[in-house]
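Me: Before I use any of these labels, I want to know what each one rests on. Please set every value against its cut-off.

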Amino acid sequence: MNFNDKLDFLMKITGTTNSALALYTSIDASHISRLRRGERSMPKNGNYLNAMSGYLARHCIEDYKKKALSDAMNIKSMPNNIEEISVLISSWLVNEQKSEENAVGEFLDELSNFKFKKFPEIEISNKVKTSKDKKSVNLAYYGVNGKRTAVIEFLSMVLSIDKPQTLLLYSDEDMDWLIENYDFKVKWAVLMSKVIKQGNKIKIIHTVSRDLHEILEAINEWMPLYMTGAIKPFYYPKKRDGVFKRTMFIAPENSAVISSSVGNMSDSSVCFLVNEKEAVKSITNEYINFLEVCRPMMRIFTEADYERYFLMLSEFEKEETDTFLKADSISILTMPKTVVKSVLERLDKNKKIEIEKYLADRVERFMENLKYNKFTEIITIPSIEMIVEGKIKVTFSDILNNEELYYTLDEFIQHLENILMLIQRNANYHVCINSDNKLEGYMLYVKEDTGVIVAKTSAPSVIFAINESNMTAGFWDYLSRKIDKKKDMDFSKSKSIDNLNALIDELKKYK
(Lines give C-alpha, C1' and ligand atoms only; values in the text may rest on other atoms or scores of the structure.)
Protein backbone atom coordinates (compact mmCIF):
# COMPACT_ATOMS: atom_id res chain seq x y z
CA MET A 1 0.00 0.00 0.00
CA ASN A 2 1.17 3.50 -0.80
CA PHE A 3 0.92 6.39 1.63
CA ASN A 4 -2.40 7.58 0.16
CA ASP A 5 -3.90 4.08 0.39
CA LYS A 6 -2.83 3.77 4.04
CA LEU A 7 -4.18 7.20 4.96
CA ASP A 8 -7.48 6.52 3.22
CA PHE A 9 -7.76 3.14 4.98
CA LEU A 10 -7.06 4.68 8.40
CA MET A 11 -9.57 7.48 7.90
CA LYS A 12 -12.27 5.06 6.77
CA ILE A 13 -11.92 2.60 9.67
CA THR A 14 -11.80 5.45 12.22
CA GLY A 15 -14.66 7.36 10.57
CA THR A 16 -12.46 10.44 10.21
CA THR A 17 -13.57 13.16 7.80
CA ASN A 18 -11.23 15.38 5.79
CA SER A 19 -12.40 18.45 7.67
CA ALA A 20 -11.88 16.84 11.10
CA LEU A 21 -8.30 15.78 10.32
CA ALA A 22 -7.61 19.13 8.64
CA LEU A 23 -8.74 21.02 11.74
CA TYR A 24 -6.48 18.98 14.00
CA THR A 25 -3.38 19.07 11.78
CA SER A 26 -3.74 22.63 10.39
CA ILE A 27 -3.68 21.25 6.83
CA ASP A 28 -6.44 22.39 4.50
CA ALA A 29 -9.27 19.85 3.99
CA SER A 30 -8.77 19.91 0.21
CA HIS A 31 -5.13 19.01 0.76
CA ILE A 32 -6.17 16.06 2.93
CA SER A 33 -8.47 14.95 0.13
CA ARG A 34 -5.61 15.11 -2.35
CA LEU A 35 -3.37 13.15 -0.01
CA ARG A 36 -6.01 10.41 0.12
CA ARG A 37 -6.31 10.31 -3.67
CA GLY A 38 -2.53 10.19 -4.14
CA GLU A 39 -2.48 13.61 -5.83
CA ARG A 40 -0.14 14.98 -3.17
CA SER A 41 2.90 13.34 -1.66
CA MET A 42 3.34 12.40 1.97
CA PRO A 43 4.03 15.53 4.10
CA LYS A 44 7.76 15.84 4.79
CA ASN A 45 7.15 17.70 8.06
CA GLY A 46 7.24 15.21 10.94
CA ASN A 47 4.91 17.39 13.02
CA TYR A 48 2.08 16.91 10.52
CA LEU A 49 2.57 13.15 10.46
CA ASN A 50 2.75 12.95 14.24
CA ALA A 51 -0.43 15.01 14.57
CA MET A 52 -2.21 12.78 12.03
CA SER A 53 -1.04 9.61 13.72
CA GLY A 54 -2.03 10.83 17.19
CA TYR A 55 -5.52 11.84 16.06
CA LEU A 56 -6.12 8.55 14.21
CA ALA A 57 -4.76 6.50 17.16
CA ARG A 58 -7.26 8.14 19.54
CA HIS A 59 -10.07 7.10 17.19
CA CYS A 60 -8.87 3.52 16.88
CA ILE A 61 -9.54 2.15 20.36
CA GLU A 62 -12.34 -0.31 19.58
CA ASP A 63 -11.24 -3.92 19.25
CA TYR A 64 -12.58 -4.41 15.72
CA LYS A 65 -10.71 -1.30 14.52
CA LYS A 66 -7.46 -2.43 16.12
CA LYS A 67 -7.92 -5.89 14.56
CA ALA A 68 -8.41 -4.38 11.10
CA LEU A 69 -5.34 -2.17 11.59
CA SER A 70 -3.12 -5.01 12.85
CA ASP A 71 -4.13 -7.11 9.83
CA ALA A 72 -3.25 -4.27 7.47
CA MET A 73 0.10 -3.73 9.20
CA ASN A 74 0.76 -7.48 9.26
CA ILE A 75 1.40 -7.58 13.02
CA LYS A 76 -0.07 -9.97 15.61
CA SER A 77 -1.99 -7.44 17.67
CA MET A 78 -2.22 -3.75 18.47
CA PRO A 79 -1.11 -2.41 21.86
CA ASN A 80 -3.66 -0.85 24.20
CA ASN A 81 -1.63 2.30 24.82
CA ILE A 82 -2.70 5.14 22.49
CA GLU A 83 0.83 6.57 22.33
CA GLU A 84 2.18 3.20 21.17
CA ILE A 85 -0.57 2.90 18.56
CA SER A 86 0.31 6.41 17.35
CA VAL A 87 3.98 5.45 16.93
CA LEU A 88 3.02 2.33 14.96
CA ILE A 89 0.69 4.32 12.70
CA SER A 90 3.34 6.97 12.07
CA SER A 91 5.95 4.35 11.21
CA TRP A 92 3.53 2.54 8.91
CA LEU A 93 2.60 5.72 7.06
CA VAL A 94 6.19 6.77 6.35
CA ASN A 95 7.32 3.31 5.27
CA GLU A 96 6.87 4.22 1.63
CA GLN A 97 8.71 6.50 -0.71
CA LYS A 98 7.25 7.95 -3.89
CA SER A 99 9.01 6.55 -6.90
CA GLU A 100 10.36 9.00 -9.44
CA GLU A 101 7.89 7.56 -11.92
CA ASN A 102 5.00 8.56 -9.66
CA ALA A 103 6.59 11.98 -9.13
CA VAL A 104 6.74 12.69 -12.87
CA GLY A 105 3.23 11.32 -13.42
CA GLU A 106 1.79 13.57 -10.70
CA PHE A 107 3.61 16.58 -12.14
CA LEU A 108 2.26 15.95 -15.65
CA ASP A 109 -1.29 15.49 -14.31
CA GLU A 110 -1.07 18.77 -12.40
CA LEU A 111 0.41 20.54 -15.42
CA SER A 112 -2.18 19.35 -17.93
CA ASN A 113 -5.08 20.21 -15.58
CA PHE A 114 -3.73 23.61 -14.54
CA LYS A 115 -6.11 26.57 -14.67
CA PHE A 116 -5.71 30.01 -13.19
CA LYS A 117 -7.61 30.38 -9.93
CA LYS A 118 -9.48 33.46 -8.83
CA PHE A 119 -8.27 34.43 -5.38
CA PRO A 120 -9.87 36.88 -2.97
CA GLU A 121 -8.50 40.37 -2.53
CA ILE A 122 -5.83 40.68 0.16
CA GLU A 123 -5.33 43.90 2.04
CA ILE A 124 -1.72 45.05 1.90
CA SER A 125 -0.14 45.32 5.33
CA ASN A 126 1.05 48.67 6.63
CA LYS A 127 2.57 47.34 9.84
CA VAL A 128 6.20 47.50 8.74
CA LYS A 129 7.87 50.75 7.76
CA THR A 130 9.49 50.84 4.32
CA SER A 131 12.99 51.98 3.47
CA LYS A 132 11.57 55.41 2.65
CA ASP A 133 10.85 55.95 6.33
CA LYS A 134 13.46 57.63 8.47
CA LYS A 135 13.64 54.75 10.89
CA SER A 136 14.67 51.35 9.56
CA VAL A 137 13.62 48.10 11.20
CA ASN A 138 15.11 44.67 11.90
CA LEU A 139 12.36 42.38 13.20
CA ALA A 140 12.63 38.81 14.48
CA TYR A 141 9.96 36.16 13.86
CA TYR A 142 9.96 32.65 15.31
CA GLY A 143 9.04 29.23 13.94
CA VAL A 144 7.10 28.34 10.81
CA ASN A 145 4.21 30.73 11.45
CA GLY A 146 6.66 33.52 12.17
CA LYS A 147 8.37 32.93 8.84
CA ARG A 148 5.03 33.09 7.05
CA THR A 149 4.23 36.39 8.75
CA ALA A 150 7.64 37.79 7.81
CA VAL A 151 7.19 36.83 4.15
CA ILE A 152 3.74 38.44 3.97
CA GLU A 153 5.19 41.62 5.47
CA PHE A 154 8.10 41.44 3.02
CA LEU A 155 5.80 41.23 -0.01
CA SER A 156 3.71 44.08 1.36
CA MET A 157 6.87 46.18 1.62
CA VAL A 158 7.74 45.37 -2.01
CA LEU A 159 4.30 46.53 -3.09
CA SER A 160 4.65 49.75 -1.11
CA ILE A 161 7.18 51.23 -3.54
CA ASP A 162 6.53 52.07 -7.19
CA LYS A 163 9.98 51.26 -8.58
CA PRO A 164 10.05 47.76 -10.20
CA GLN A 165 12.95 45.54 -9.17
CA THR A 166 14.19 41.96 -9.44
CA LEU A 167 13.44 39.90 -6.35
CA LEU A 168 16.07 37.33 -5.38
CA LEU A 169 14.67 34.16 -3.82
CA TYR A 170 16.26 31.04 -2.39
CA SER A 171 15.32 28.44 0.21
CA ASP A 172 16.67 24.98 0.90
CA GLU A 173 14.77 24.72 4.18
CA ASP A 174 11.82 22.37 4.59
CA MET A 175 9.16 23.58 2.10
CA ASP A 176 6.17 22.84 4.33
CA TRP A 177 6.18 26.41 5.61
CA LEU A 178 5.47 27.56 2.06
CA ILE A 179 3.00 24.98 0.75
CA GLU A 180 1.18 23.23 3.62
CA ASN A 181 -1.01 26.03 5.07
CA TYR A 182 -3.87 26.93 2.73
CA ASP A 183 -4.58 30.41 4.10
CA PHE A 184 -0.92 31.37 3.77
CA LYS A 185 -0.74 29.90 0.24
CA VAL A 186 -3.67 32.07 -0.83
CA LYS A 187 -2.09 35.22 0.61
CA TRP A 188 1.27 34.31 -0.91
CA ALA A 189 -0.28 33.68 -4.35
CA VAL A 190 -2.27 36.92 -4.35
CA LEU A 191 0.61 39.09 -3.19
CA MET A 192 3.12 37.48 -5.57
CA SER A 193 0.70 38.05 -8.43
CA LYS A 194 0.41 41.71 -7.44
CA VAL A 195 4.19 41.99 -7.20
CA ILE A 196 4.60 40.72 -10.78
CA LYS A 197 1.75 42.84 -12.14
CA GLN A 198 3.52 45.83 -10.65
CA GLY A 199 6.42 45.13 -13.02
CA ASN A 200 8.80 43.26 -10.71
CA LYS A 201 10.84 40.29 -11.95
CA ILE A 202 12.09 37.26 -9.99
CA LYS A 203 15.27 35.19 -9.92
CA ILE A 204 14.97 32.00 -7.90
CA ILE A 205 17.58 29.38 -7.03
CA HIS A 206 15.95 25.95 -6.70
CA THR A 207 17.47 23.20 -4.60
CA VAL A 208 17.95 20.15 -6.81
CA SER A 209 19.33 18.10 -3.92
CA ARG A 210 15.69 17.66 -2.89
CA ASP A 211 14.03 14.51 -4.21
CA LEU A 212 12.49 14.77 -7.67
CA HIS A 213 8.95 14.75 -6.31
CA GLU A 214 9.63 17.81 -4.15
CA ILE A 215 11.27 19.71 -7.02
CA LEU A 216 8.37 19.03 -9.39
CA GLU A 217 5.82 19.83 -6.70
CA ALA A 218 7.55 23.17 -6.12
CA ILE A 219 7.37 23.94 -9.85
CA ASN A 220 3.65 23.16 -9.83
CA GLU A 221 3.15 25.46 -6.85
CA TRP A 222 4.89 28.24 -8.77
CA MET A 223 3.01 27.51 -12.00
CA PRO A 224 0.78 30.65 -11.99
CA LEU A 225 3.91 32.79 -11.63
CA TYR A 226 5.89 30.86 -14.24
CA MET A 227 3.04 31.48 -16.67
CA THR A 228 3.75 35.22 -16.50
CA GLY A 229 7.24 34.79 -17.94
CA ALA A 230 8.63 36.99 -15.15
CA ILE A 231 10.70 34.26 -13.41
CA LYS A 232 14.20 33.00 -14.16
CA PRO A 233 15.03 29.78 -12.24
CA PHE A 234 18.55 28.60 -11.42
CA TYR A 235 20.15 25.72 -9.49
CA TYR A 236 23.41 25.01 -7.69
CA PRO A 237 25.00 22.04 -9.52
CA LYS A 238 27.10 20.54 -6.73
CA LYS A 239 26.18 18.42 -3.73
CA ARG A 240 25.53 20.05 -0.35
CA ASP A 241 25.52 18.24 2.98
CA GLY A 242 22.06 19.53 3.98
CA VAL A 243 23.06 20.20 7.58
CA PHE A 244 22.88 24.00 7.58
CA LYS A 245 19.99 25.38 5.54
CA ARG A 246 19.09 28.92 4.52
CA THR A 247 16.25 31.06 3.23
CA MET A 248 16.82 34.40 1.50
CA PHE A 249 14.01 36.49 0.04
CA ILE A 250 15.50 39.79 -1.09
CA ALA A 251 14.09 42.98 -2.59
CA PRO A 252 17.37 44.85 -3.24
CA GLU A 253 15.66 48.24 -3.23
CA ASN A 254 14.10 47.98 0.19
CA SER A 255 14.01 44.78 2.30
CA ALA A 256 14.98 41.16 2.91
CA VAL A 257 13.85 38.07 4.81
CA ILE A 258 16.57 35.72 6.02
CA SER A 259 16.53 32.59 8.15
CA SER A 260 18.66 29.51 8.80
CA SER A 261 18.15 26.16 10.39
CA VAL A 262 19.94 22.89 11.11
CA GLY A 263 18.59 19.83 9.34
CA ASN A 264 14.79 19.80 9.51
CA MET A 265 14.59 21.99 12.62
CA SER A 266 12.96 24.95 10.83
CA ASP A 267 10.06 24.86 13.30
CA SER A 268 12.31 26.33 15.99
CA SER A 269 14.35 28.70 13.81
CA VAL A 270 14.36 32.47 13.93
CA CYS A 271 13.58 34.56 10.86
CA PHE A 272 14.64 38.20 10.38
CA LEU A 273 12.89 40.87 8.33
CA VAL A 274 15.23 43.79 7.65
CA ASN A 275 15.09 47.00 5.68
CA GLU A 276 18.19 48.76 6.95
CA LYS A 277 19.94 49.84 3.75
CA GLU A 278 23.42 48.45 4.41
CA ALA A 279 22.04 45.15 5.73
CA VAL A 280 19.91 44.65 2.61
CA LYS A 281 22.91 45.50 0.42
CA SER A 282 25.09 42.96 2.23
CA ILE A 283 22.48 40.19 1.91
CA THR A 284 22.01 41.06 -1.77
CA ASN A 285 25.75 40.71 -2.40
CA GLU A 286 25.71 37.34 -0.64
CA TYR A 287 22.96 36.16 -2.99
CA ILE A 288 24.72 37.49 -6.10
CA ASN A 289 27.92 35.65 -5.14
CA PHE A 290 25.89 32.46 -4.74
CA LEU A 291 24.11 33.03 -8.07
CA GLU A 292 27.47 33.27 -9.88
CA VAL A 293 28.18 29.59 -9.14
CA CYS A 294 24.66 28.49 -10.14
CA ARG A 295 23.31 27.49 -13.55
CA PRO A 296 20.01 28.17 -15.34
CA MET A 297 17.66 25.31 -14.45
CA MET A 298 15.11 25.79 -17.19
CA ARG A 299 13.78 28.25 -19.70
CA ILE A 300 10.09 29.09 -19.70
CA PHE A 301 8.12 30.01 -22.80
CA THR A 302 4.58 31.37 -22.92
CA GLU A 303 2.42 32.23 -25.95
CA ALA A 304 4.27 35.51 -26.43
CA ASP A 305 7.65 33.76 -26.70
CA TYR A 306 7.13 31.56 -29.76
CA GLU A 307 10.09 33.06 -31.69
CA ARG A 308 12.47 32.38 -28.78
CA TYR A 309 10.95 28.90 -28.55
CA PHE A 310 11.78 28.26 -32.24
CA LEU A 311 15.44 29.06 -31.60
CA MET A 312 15.63 26.90 -28.47
CA LEU A 313 13.89 23.96 -30.20
CA SER A 314 16.33 24.19 -33.10
CA GLU A 315 19.29 23.90 -30.74
CA PHE A 316 17.62 21.06 -28.84
CA GLU A 317 16.99 19.01 -31.97
CA LYS A 318 20.58 19.40 -33.17
CA GLU A 319 21.71 17.23 -30.25
CA GLU A 320 22.52 13.76 -31.59
CA THR A 321 21.32 11.28 -29.00
CA ASP A 322 18.48 8.81 -28.39
CA THR A 323 15.08 10.47 -28.08
CA PHE A 324 11.60 9.90 -26.65
CA LEU A 325 8.57 11.90 -27.77
CA LYS A 326 5.05 11.71 -26.40
CA ALA A 327 2.30 14.13 -27.34
CA ASP A 328 -1.45 14.35 -27.84
CA SER A 329 -1.09 14.21 -31.61
CA ILE A 330 1.29 12.68 -34.12
CA SER A 331 4.52 14.59 -34.56
CA ILE A 332 5.15 17.07 -37.37
CA LEU A 333 8.59 15.47 -37.71
CA THR A 334 6.89 12.58 -39.51
CA MET A 335 4.46 14.72 -41.50
CA PRO A 336 4.85 14.17 -45.27
CA LYS A 337 5.48 17.21 -47.51
CA THR A 338 2.10 16.82 -49.21
CA VAL A 339 0.33 17.23 -45.87
CA VAL A 340 2.55 20.15 -44.86
CA LYS A 341 1.62 22.01 -48.05
CA SER A 342 -2.06 21.17 -47.66
CA VAL A 343 -2.22 22.33 -44.04
CA LEU A 344 -0.26 25.52 -44.69
CA GLU A 345 -2.66 26.55 -47.45
CA ARG A 346 -4.95 27.56 -44.60
CA LEU A 347 -2.46 30.24 -43.46
CA ASP A 348 -1.74 33.65 -44.95
CA LYS A 349 1.18 33.77 -47.43
CA ASN A 350 3.84 35.38 -45.19
CA LYS A 351 3.23 33.06 -42.27
CA LYS A 352 3.09 30.07 -44.63
CA ILE A 353 6.61 30.72 -45.99
CA GLU A 354 8.06 31.13 -42.49
CA ILE A 355 6.47 27.97 -41.08
CA GLU A 356 7.25 25.85 -44.16
CA LYS A 357 10.98 26.60 -43.86
CA TYR A 358 10.87 25.98 -40.12
CA LEU A 359 9.23 22.57 -40.62
CA ALA A 360 11.60 21.58 -43.43
CA ASP A 361 14.63 22.30 -41.23
CA ARG A 362 13.21 20.23 -38.36
CA VAL A 363 12.39 17.25 -40.59
CA GLU A 364 15.88 17.37 -42.12
CA ARG A 365 17.51 17.24 -38.66
CA PHE A 366 15.16 14.43 -37.62
CA MET A 367 16.05 12.28 -40.62
CA GLU A 368 19.78 12.95 -40.14
CA ASN A 369 19.62 11.90 -36.46
CA LEU A 370 17.76 8.71 -37.36
CA LYS A 371 20.90 7.44 -39.12
CA TYR A 372 22.74 6.98 -35.83
CA ASN A 373 20.29 7.40 -32.94
CA LYS A 374 17.04 5.82 -31.80
CA PHE A 375 13.87 7.89 -31.92
CA THR A 376 10.90 6.44 -30.06
CA GLU A 377 7.52 8.09 -30.49
CA ILE A 378 4.59 7.26 -28.24
CA ILE A 379 1.50 7.82 -30.34
CA THR A 380 -1.91 8.25 -28.78
CA ILE A 381 -4.50 7.37 -31.38
CA PRO A 382 -7.63 9.48 -30.83
CA SER A 383 -11.11 8.16 -31.40
CA ILE A 384 -12.29 7.48 -34.95
CA GLU A 385 -15.06 10.03 -34.43
CA MET A 386 -12.61 12.84 -33.61
CA ILE A 387 -10.46 12.05 -36.65
CA VAL A 388 -13.40 11.84 -39.05
CA GLU A 389 -14.94 15.05 -37.70
CA GLY A 390 -11.68 16.98 -38.14
CA LYS A 391 -11.09 17.63 -34.43
CA ILE A 392 -7.40 16.59 -34.27
CA LYS A 393 -5.11 19.58 -33.84
CA VAL A 394 -1.92 19.75 -35.89
CA THR A 395 0.98 19.62 -33.42
CA PHE A 396 2.80 22.74 -34.58
CA SER A 397 -0.32 24.91 -34.38
CA ASP A 398 0.58 25.80 -30.79
CA ILE A 399 3.43 27.94 -32.18
CA LEU A 400 1.22 30.00 -34.45
CA ASN A 401 0.29 32.55 -31.82
CA ASN A 402 -3.26 31.36 -31.13
CA GLU A 403 -4.00 30.25 -34.72
CA GLU A 404 -4.95 26.58 -34.41
CA LEU A 405 -5.04 24.21 -37.38
CA TYR A 406 -6.76 20.82 -37.60
CA TYR A 407 -6.27 17.76 -39.80
CA THR A 408 -8.76 16.84 -42.47
CA LEU A 409 -9.50 13.11 -42.63
CA ASP A 410 -7.40 12.70 -45.78
CA GLU A 411 -4.43 14.60 -44.26
CA PHE A 412 -4.50 12.41 -41.15
CA ILE A 413 -4.54 9.21 -43.24
CA GLN A 414 -1.57 10.43 -45.32
CA HIS A 415 0.35 11.21 -42.15
CA LEU A 416 -0.30 7.73 -40.75
CA GLU A 417 0.84 6.18 -44.04
CA ASN A 418 4.10 8.13 -43.84
CA ILE A 419 4.68 6.89 -40.28
CA LEU A 420 4.11 3.37 -41.54
CA MET A 421 6.74 3.87 -44.23
CA LEU A 422 9.25 5.29 -41.72
CA ILE A 423 8.83 2.32 -39.40
CA GLN A 424 9.47 -0.10 -42.24
CA ARG A 425 12.51 1.73 -43.67
CA ASN A 426 14.31 2.99 -40.54
CA ALA A 427 15.69 0.58 -37.96
CA ASN A 428 16.13 3.42 -35.44
CA TYR A 429 12.55 4.71 -35.66
CA HIS A 430 10.20 3.06 -33.16
CA VAL A 431 6.53 3.68 -32.51
CA CYS A 432 4.58 2.69 -29.43
CA ILE A 433 0.83 2.69 -29.99
CA ASN A 434 -1.10 3.86 -26.93
CA SER A 435 -4.44 2.09 -27.13
CA ASP A 436 -5.98 4.45 -24.56
CA ASN A 437 -7.21 7.32 -26.76
CA LYS A 438 -7.35 9.84 -23.92
CA LEU A 439 -5.66 13.12 -24.87
CA GLU A 440 -3.63 14.01 -21.80
CA GLY A 441 -2.90 17.69 -22.48
CA TYR A 442 0.89 17.65 -22.48
CA MET A 443 3.93 16.99 -24.68
CA LEU A 444 7.07 15.32 -23.35
CA TYR A 445 10.17 15.48 -25.56
CA VAL A 446 13.32 13.98 -23.99
CA LYS A 447 16.84 13.60 -25.31
CA GLU A 448 18.91 11.20 -23.21
CA ASP A 449 21.55 12.93 -21.06
CA THR A 450 20.76 16.22 -22.82
CA GLY A 451 17.48 17.77 -21.73
CA VAL A 452 13.72 17.68 -21.79
CA ILE A 453 10.95 19.88 -23.16
CA VAL A 454 7.69 19.69 -21.23
CA ALA A 455 4.72 21.54 -22.70
CA LYS A 456 1.17 22.11 -21.57
CA THR A 457 -0.72 21.86 -24.85
CA SER A 458 -4.08 23.23 -23.72
CA ALA A 459 -4.83 26.82 -22.76
CA PRO A 460 -3.22 28.45 -20.90
CA SER A 461 -0.13 26.97 -22.54
CA VAL A 462 3.41 26.98 -21.20
CA ILE A 463 6.66 25.25 -22.21
CA PHE A 464 9.54 24.28 -19.91
CA ALA A 465 12.96 23.55 -21.43
CA ILE A 466 15.03 21.77 -18.79
CA ASN A 467 18.67 20.68 -18.96
CA GLU A 468 19.33 19.77 -15.32
CA SER A 469 20.67 16.20 -15.41
CA ASN A 470 18.62 14.61 -12.58
CA MET A 471 15.34 16.02 -13.87
CA THR A 472 16.19 14.96 -17.43
CA ALA A 473 16.93 11.44 -16.19
CA GLY A 474 13.66 11.39 -14.24
CA PHE A 475 11.58 12.21 -17.32
CA TRP A 476 13.58 9.80 -19.49
CA ASP A 477 13.03 6.97 -17.00
CA TYR A 478 9.32 7.83 -16.77
CA LEU A 479 8.76 7.28 -20.51
CA SER A 480 11.10 4.28 -20.60
CA ARG A 481 9.20 2.54 -17.80
CA LYS A 482 5.87 3.53 -19.34
CA ILE A 483 6.87 1.61 -22.46
CA ASP A 484 8.32 -1.32 -20.50
CA LYS A 485 5.03 -1.88 -18.71
CA LYS A 486 3.29 -2.38 -22.09
CA LYS A 487 -0.15 -2.14 -20.53
CA ASP A 488 -1.62 0.23 -23.11
CA MET A 489 1.23 0.14 -25.62
CA ASP A 490 2.93 -2.27 -27.95
CA PHE A 491 6.61 -1.84 -28.77
CA SER A 492 6.75 -4.59 -31.39
CA LYS A 493 7.40 -3.17 -34.88
CA SER A 494 5.28 -5.82 -36.51
CA LYS A 495 2.41 -5.16 -34.11
CA SER A 496 2.67 -1.39 -34.64
CA ILE A 497 2.58 -1.94 -38.40
CA ASP A 498 -0.50 -4.16 -38.07
CA ASN A 499 -2.25 -1.62 -35.84
CA LEU A 500 -1.52 1.27 -38.19
CA ASN A 501 -2.67 -0.68 -41.23
CA ALA A 502 -5.90 -1.58 -39.46
CA LEU A 503 -6.50 2.04 -38.45
CA ILE A 504 -5.81 3.34 -41.97
CA ASP A 505 -8.19 0.79 -43.48
CA GLU A 506 -10.89 1.76 -40.97
CA LEU A 507 -10.49 5.50 -41.67
CA LYS A 508 -10.62 4.99 -45.43
CA LYS A 509 -14.18 3.67 -45.02
CA TYR A 510 -15.26 7.23 -44.12
CA LYS A 511 -13.74 8.90 -47.22
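Reply: Helix α1 passes helix α5 in a right-handed crossing. The model is predicted: local features need pLDDT of at least 70 and side-chain atom pairs count only at pLDDT 80 or more, while totals for chains, interfaces and linings use all residues. Residues are numbered from 1 along each chain as its sequence is written, and side-chain values use heavy atoms, with hydrogens and water left out.

Me: What makes a crossing right-handed, as for α1 and α5?

Reply: The near helix is turned clockwise from the far one by less than a right angle; if the turn is anticlockwise, the crossing is left-handed. α1 and α5 have the clockwise case.

Me: Why are α1 and α5 called roughly antiparallel?

Reply: α1 (residues 3-14) and α5 (residues 63-73) pack at an angle of about 165°, with their axes 10 Å apart. That angle makes α1 roughly antiparallel to α5. The classes are roughly parallel under 35 degrees, roughly antiparallel over 145, roughly perpendicular from 65 to 115, and oblique for the rest. Axes are lines fitted to C-alpha atoms, for helices over the stretch in contact, and angles run from 0 to 180 degrees between N-to-C directions.

Me: How do you know which residues of α1 and α5 meet?

Reply: Contact means heavy atoms within 4.5 Å. By that rule Phe-9, Leu-10, Ile-13 and Thr-14 in α1 meet Lys-65, Ala-68, Leu-69 and Ala-72 in α5. By class, this contact has six nonpolar, one polar and one charged residues. Ala, Val, Leu, Ile, Met, Phe, Trp, Tyr, Cys and Pro count as nonpolar, Asp, Glu, Lys and Arg as charged, and the others, Gly among them, as polar.

Me: What makes α14 and α16 roughly parallel?

Reply: α14 (residues 306-318) and α16 (residues 349-369) pack at an angle of about 15°, with axes 10 Å apart. The two helices are therefore roughly parallel to each other. α14 passes α16 in a left-handed crossing. Among the residues that meet are Phe-310 and Leu-313 in α14, and Ile-355 and Tyr-358 in α16. The residues of this contact divide into four nonpolar, two polar and five charged.

Me: Why is α15 called roughly antiparallel to α18?

Reply: The axes of α15 (residues 337-344) and α18 (residues 409-425) come within 9 Å and cross at roughly 155°. That crossing angle makes α15 roughly antiparallel to α18. The crossing is left-handed. Thr-338, Val-339, Ser-342 and Val-343 in α15 meet Glu-411, Gln-414 and His-415 in α18. This contact divides into two nonpolar, four polar and one charged.

Me: How many helices and strands does the protein chain have, and what counts as one?

Reply: The protein chain has 20 helices and 15 strands. Helices (H or I, at least four residues) and strands (E, at least two) are DSSP runs, numbered from the N terminus.

Me: Why are Cys-294 and Cys-432 called buried?

Reply: Buried means under 20% relative accessible area, exposed over 50%, and partly exposed in between (1.4 Å probe, protein chains only). Cys-294 has 11%, so it is buried. Cys-432 has 0%, so it is buried too. Buried residues make up 53% of the 511 residues in the protein chain.

Me: How many disulfides are found?

Reply: Zero, in a search of the whole structure. A disulfide is a pair of cysteine sulfur atoms within 2.5 Å.

Me: Where is Asp-449, and why is Asp-449 called exposed?

Reply: Asp-449 lies in the loop between β13 (442-447) and β14 (451-456). Its relative accessible area is 74%, so Asp-449 is exposed. Phi of Asp-449 is near 60°, a positive value in a residue other than glycine. Most residues other than glycine have a negative phi.
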